[in-house]
Amino acid sequence: MAKAVVSYTCQSCGEHFTKWSGRCDNCGEWNTIVEEKPLASGPGKALTGKRGRALALTDLSAKEAPPPRTASGLAELDRVLGGGLVPASAILVGGDPGIGKSTLLLQAAARFASNGLKTFYISGEEASAQVRLRAARLGLQEAPVKLATETSLRDIMTTLDEERPDLVIIDSVQTMWSDTVDSAPGSVSQVRSTAQELTTFAKRRGSAVILVGHVTKEGQIAGPRVVEHMVDTVLYFEGERGHQFRILRSVKNRFGPADEIGVFEMTGTGLSEVTNPSALFLSERGTPAPGSVVFAGIEGTRPVLVEFQALVAPTPHSQPRRTVVGWDGGRLAMILAVLEARCGIPFAGLDVYLNVAGGLKVSEPAADMAVAAALLSAREDTALPAESVVFGEISLSGALRPVGQTENRLKEAEKLGFSSAIVPAGGKSSSRDGMRLMEMPDLTAVVGEIFGAG
């Protein structure tokens, strides 16, 4: 008789160990490592072909109609989902506390219920009266949404098997607990087991399940990463508390494009859609000032214009500060090094502050050239023309590389009244009526021709 392999798992980070210890070597937490029982042990539970049942195989060429999508009526949400809600899908939504996840999903539940879906909203964090109070504030008190407040997974699954809903919203997965797992709610084992049960229910019954997940201080969804692999779609709800804008970003989607975004504005009556985010992000932009540059970016399939703001000032400290909001700090350090090594523009003894206006987070390399232009503009105290947009990728040699979807970027800029663009040379951009292109071969040309420095 083969001896069952015993494994130990950290309930904080999910790391596996072969023996118990008091402290997790991965995350440093104490008393979080517990023993996990194997899935199958002993000869009676061995996984062999003789004990199973035959699987029905189907032909790949069989013509079947794709599952119909259900649109919510919230165009920004439908865009991120890839066109609407797909039956038998599991969706994970994460975001900071108080950012508006519950508000967004309650509004979405009301829309889907009004469009004919049998919708259940199950809250493990609030009482029924609290959820109804929020619904009244949003004007959704008459919505045909079934409401429940429960944390026991067994009771929830029993009700769902009887009612057969079309859409189930679980708020949140960290508050649910299964009596088959011997650990506290919110632990790695509980989260993994709960997500597995709800995802299996979605596939078996054809219902769509939306799970709300808490996030860690690093901004990642709390719990084991295997949960993100289980579900079909992973959405992040982002935003700064000081701004009214909220970004719903898709980081994984089996039924649509990834990296798509939907833009919402937080108001006193809930979240309202922003159909033209470029105009909204630039609405507070006044007279062009040194350090202000408009970047023509692409988020998913949507062109978005956003303002980069830079400030360069002498530092009283021996170690200059490098502060970044909305962009990658490591990439800023790279661009500062390229400016000094290839263009002879030193930033030693200078504090550098970089901000993306509106609370948007930009990650694409096409923003390199806009960041370099903002830094040069702030350092030389020279403002770029108000009607100019900038985009392009910078290599370590100082050369400028063309980026994708140039036509869409220029079209969006022209629609908002911009008449010139500073772009890398050699791209596929064609001349547009009313749009003057300033093609630059390398960063040295930008420094010399635009700012007269270097």
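**Figure 1. Confidence along the protein chain of the predicted model.** Mean pLDDT (the predictor's confidence in each residue, from 0 to 100) is 88 for the protein chain, with 92% of residues at 70 or more. Strand 3 (residues 33–36) has the lowest mean, 79, and strand 5 (residues 119–123) the highest, 97; helices (H or I, at least four residues) and strands (E, at least two) are DSSP runs numbered from the N terminus. Residues 39–49 fall below 50, and this stretch makes six contacts (heavy atoms within 4.5 Å) beyond near neighbours in sequence. Residues are numbered from 1 along each chain as its sequence is written. Local features need pLDDT of at least 70, side-chain atom pairs count only at 80 or more, totals for chains, interfaces and linings use all residues, and side-chain values use heavy atoms, without hydrogens and water.

**Figure 2. The buried side of helix 3 (residues 128–137).** Val131, Arg134 and Ala135 are buried (under 20% relative accessible area; exposed is over 50%, partly exposed in between; 1.4 Å probe, protein chains only). These residues lie on the same side of helix 3 because they span an arc of only 100° around the axis, taken from the directions from the helix axis to the C-beta atoms. Their cover includes helix 2 (101–114), strand 5 and strand 6 (145–149). Arg132 and Leu133 are exposed on the face turned away from the buried side.

**Figure 3. Lys101 in helix 2.** Lys101 is buried, at 10% relative accessible area. Not counting residues up to four places away in sequence, Lys101 touches Val93, Gly94, Gly95, Asp96, Val212, Gly213 and Phe237. A polar atom of the Lys101 side chain lies 3.2 Å from the backbone oxygen of Gly95.

Conventions. A polar contact is a pair of N or O atoms within 3.5 Å; within protein, one must be able to donate a hydrogen and the other to accept it, and residues adjacent in sequence count only if both atoms are side-chain atoms.
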